[in-house]
Amino acid sequence: MTAASVPRQSSSPDEPSRPPEDPRHRIRRRALTLLIIVLLIGVPAGYLVISANQSRDSGKDKEEKYSATGLTAGWPSRVQRRLYQVPIPGWSSDVAYYETNNWKTSRLYAQFRTSNEALDTFLDNIGTNTGELKQDKIAISARDQRIVGWEFTGPGPWYGLVHHQKDPAPTQDIVVNRSDPQHPMVYVVSRAVP
């Protein structure tokens, strides 16, 4: 069987005939078409690649932050300090913290070196005072010490107290090292029950 041929339609007698396309014009038209296609496909694809890389990097940063164990040098966020009621005095040094959360108890571990006056203010702000500190009382449990790597065996004297509060307010276990009489080192574990 032979293929049916379609009759060729003649152009309208009213329509002027077009001159053949100039090769330079055809190259320019094809280049413009190619540029438009690249822009319509390439720009969104490039944006997706950049966005995916930023998202992956952000996820890695968060994963490192939340998989870290032990103390992190620096100040806990204001929200953490307010939630756990650990108002670290300004001008403190050697500040570090670590937070743990589970369905039963959330804890903020914090340490800082401060002045005697700032220690008094810190204790006043959480609702206790230096008179409550008992010599040779290590108020932070061995379990909590292991979690962040604290060892209260160095030169002292060591003082401690447990500041109990009614739920949902946190309870703070505090240990103070006064080996430097002018600049005590303070260790705090604040426990909040959700």
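1. Let's start with the surface: the chain exposes about 13,800 Å², and carbon and sulfur atoms supply 55% of this area. Accessible areas come from the Shrake-Rupley method with a 1.4 Å probe, and for residues only the protein chains shown count as cover. Please keep in mind that this is a predicted model, in which local features need pLDDT of at least 70, side-chain atom pairs count only at pLDDT 80 or more, and totals for chains, interfaces and linings use all residues. Residues are numbered from 1 along each chain as its sequence is written, and side-chain values use heavy atoms, with hydrogens and water left out.

2. Next, the overall layout. The chain has four helices and seven strands, where helices (H or I, at least four residues) and strands (E, at least two) are DSSP runs, numbered from the N terminus. Read from the N terminus, the order is α-β-α-β-β-α-β-α-β-β-β. Of the 194 residues in the chain, 30% are buried; buried means under 20% relative accessible area, exposed over 50%, and partly exposed in between (1.4 Å probe, protein chains only). Among the contacts with a separation of 6 or more, 52% come from residues 24 or more positions apart, a contact being heavy atoms within 4.5 Å.

3. Helix H1 (residues 23-67) is the place of leucine 40. Is leucine 40 buried or exposed? Leucine 40 has a relative accessible area of 64%, so it counts as exposed. Together with Leu32, Leu35, Ile36, Ile37, Leu39, Ile41 and Val43, Leu40 forms a nonpolar patch on the surface, with about 790 Å² of accessible area together. Patches are made of residues with over 30% relative accessible area and no salt bridge, with like charges joined within 9 Å and nonpolar side chains (Val, Leu, Ile, Met, Phe, Trp, Tyr) joined within 5 Å.

4. Proline 76 is buried because its relative accessible area is 2%. Beyond its neighbours within four places in sequence, proline 76 is in contact with Arg81, Ile88, Val95, Tyr97 and Leu108. Take isoleucine 88 from that list: this residue and proline 76 are 12 residues apart in sequence, and their C-alpha atoms are 9.1 Å apart in space.

5. Now for the aromatic rings. The structure holds eight aromatic pairs. Rings of Phe, Tyr and Trp (its six-membered ring) pair if their centres lie within 6.5 Å; planes under 30 degrees apart count as stacked, over 60 as edge-to-face and the rest as tilted. One of the pairs is tryptophan 150 with phenylalanine 152, with ring centres 6.0 Å apart and planes at 35°, so this pair is tilted. Tryptophan 150 is buried, at a relative accessible area of 7%, and phenylalanine 152 is buried at 10% relative accessibility. Phenylalanine 152 also forms an edge-to-face pair with tyrosine 187, at 5.0 Å centre to centre and 65° between the planes. Ring pairs join Tyr98, Tyr109, Trp150, Phe152, Trp158 and Tyr187 into a cluster.

6. There is also a charge over a ring. Arginine 178 lies over the face of tyrosine 159, 5.8 Å from the ring centre. The cut-offs here are NZ of Lys or CZ of Arg within 6 Å of the ring centre and within 35 degrees of the ring normal.

7. Finally, the salt bridges. How many does the structure hold? The structure holds five salt bridges, each defined as a side-chain nitrogen of Lys or Arg within 4 Å of a carboxyl oxygen of Asp or Glu. In one of them, aspartate 94 and arginine 113 have their closest N and O atoms 3.0 Å apart. This pair links distant parts of the chain, 19 residues apart, with aspartate 94 in strand E2 (residues 93-101) and arginine 113 in strand E3 (residues 106-113). Aspartate 94 is partly exposed at 45% relative accessible area, and arginine 113 is partly exposed at 27%.

8. Arginine 191 and aspartate 173 form a salt bridge, the closest N and O atoms being 2.5 Å apart. Arginine 191 lies in strand E7 and aspartate 173 in strand E6 (residues 171-177), so the pair ties together parts that are 18 residues apart in sequence. Aspartate 173 is buried at 5%, whereas arginine 191 is partly exposed at 23% relative accessibility. Aspartate 144 forms a salt bridge with arginine 143, with the closest N and O atoms 2.9 Å apart. Arg107, Arg143 and Asp144 are linked in a network of salt bridges.
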